[in-house]
Amino acid sequence: MIYFKFPFDEKLYSTDENQNTHSITFHSFNNDEKINISGNIVEKDQSEFDNLRINSQILPEDRTQFTAENKEEYLQKLEEVIEIIKESNLPKLVLSRRKIYIDFKEIDLKSSFNNLCKSYPNAFKYLFYKGETSWMGAFSEVLGKFNKLTHEFETMSLAGTIPVAEEWTKKEIEEQKPVSTYIRNILEKYSNSNSIQESETYDHISGNIKHLRTDFKIKINPENLDHLIKDLHPTPAVCGIPKDFCKKIIEKAEKFPRELYAGFIKIETQDYIQYFVNLRCARLYKNSVHLFVGGGITAQSNPEKEWRETELKSEAVLKNLVINHS
């Protein structure tokens, strides 16, 4: 079962569950796990969805026995990572954590998904349940969008996070620059002398927070699409620079595996192949919700501020959950 909405599109989509095809694939952060959703993409009637009765009772029990890091533990981890960044002269490294919410009897999944859709019109929103796995998310970062007709490929550099009302500081501006450079350098490998179109950097608002964003567009050879996506993922926005070195630090430093968090979702329609980075998301269980949050750490990072940023990001899903406590 999957339901989703594209950015700036009110239409509700699902699949026809045709077992002979799959047009949606979830990839984990480290690419070790891949979940295929069977079927062709079909539009669904919103009223039909609104009449569904789906709640967390259909989900599996949480038997992970994970214990989330508390604030003190995470601040200590941040201090250690900032030291590694300074010693290794890294432009950026992304550190993440889980926030585990258990204070509920039942979650109305349908209403929670509808809330996400209202809160984040410019994001990709989804709810899926397959076997032992169920996730929900709403996020704006596009790893790539390929036009099958024109062969144009679009992507974005999205980095830096502050509350909407605040002003950008040097830390966020410096954090976003190497992300743009990284994307630019990869696209140049696939340009075949085609020029790369690049936008000005601008504010991208997502609910209660905003990011710095730069858009890129280029014409590519369709045969190179898979290689390009492999080169781009994981981007510095979810990993760091240099990529392979930062991935090793992440594996050692983070308390839990990221699973589908900071991986990507591939969706193929008749005209486009789209790839969305799975950021503001949660893994859902009958008796718990695992919220995944992280932030870009630089030599200038303030651990207390980084903690607050992850708390803000956790609200993306948490504040939209429709919960029955009794």
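I looked up Cys117 and found it buried, with a relative accessible area of 7% (buried is under 20%, exposed over 50%, partly exposed in between, with a 1.4 Å probe and protein chains only). The model is predicted, so I note that local features need pLDDT of at least 70 and side-chain atom pairs pLDDT 80 or more, while totals for chains, interfaces and linings use all residues. Residues are numbered from 1 along each chain as its sequence is written, and side-chain values use heavy atoms, leaving out hydrogens and water.

I checked for disulfides (a pair of cysteine sulfur atoms within 2.5 Å) and the structure holds zero. Cys117 is in no disulfide, and its nearest cysteine sulfur, that of Cys281, is 15 Å away. Cys281 is likewise in no disulfide, its nearest cysteine sulfur being that of Cys117. Cys281 is buried at 2% relative accessibility.

Next I looked at surface charge. Glu79, Glu80, Glu83 and Glu87 form a negative patch (residues with over 30% relative accessible area and no salt bridge, like charges joined within 9 Å and nonpolar side chains within 5 Å; a salt bridge is a Lys or Arg side-chain nitrogen within 4 Å of an Asp or Glu carboxyl oxygen). Glu79 sits in helix H2, residues 71-88 (helices are DSSP runs of H or I, at least four residues, numbered from the N terminus). I have Glu79 as partly exposed, at a relative accessible area of 44%.

Last, I turned to Glu172, which is in helix H4, residues 170-189. Glu172 is buried, with a relative accessible area of 2%. I also noted that the C-alpha atoms of Glu172 and Glu198 are separated by 20 Å, the two residues being 26 residues apart along the chain.

Methods:
Accessible areas come from the Shrake-Rupley method with a 1.4 Å probe; for residues, only the protein chains shown count as cover. Lys and Arg count as positive and Asp and Glu as negative; His and the chain ends are not counted. The place of a charge is taken as NZ of Lys, CZ of Arg, CG of Asp or CD of Glu. Helices (H or I, at least four residues) and strands (E, at least two) are DSSP runs, numbered from the N terminus.
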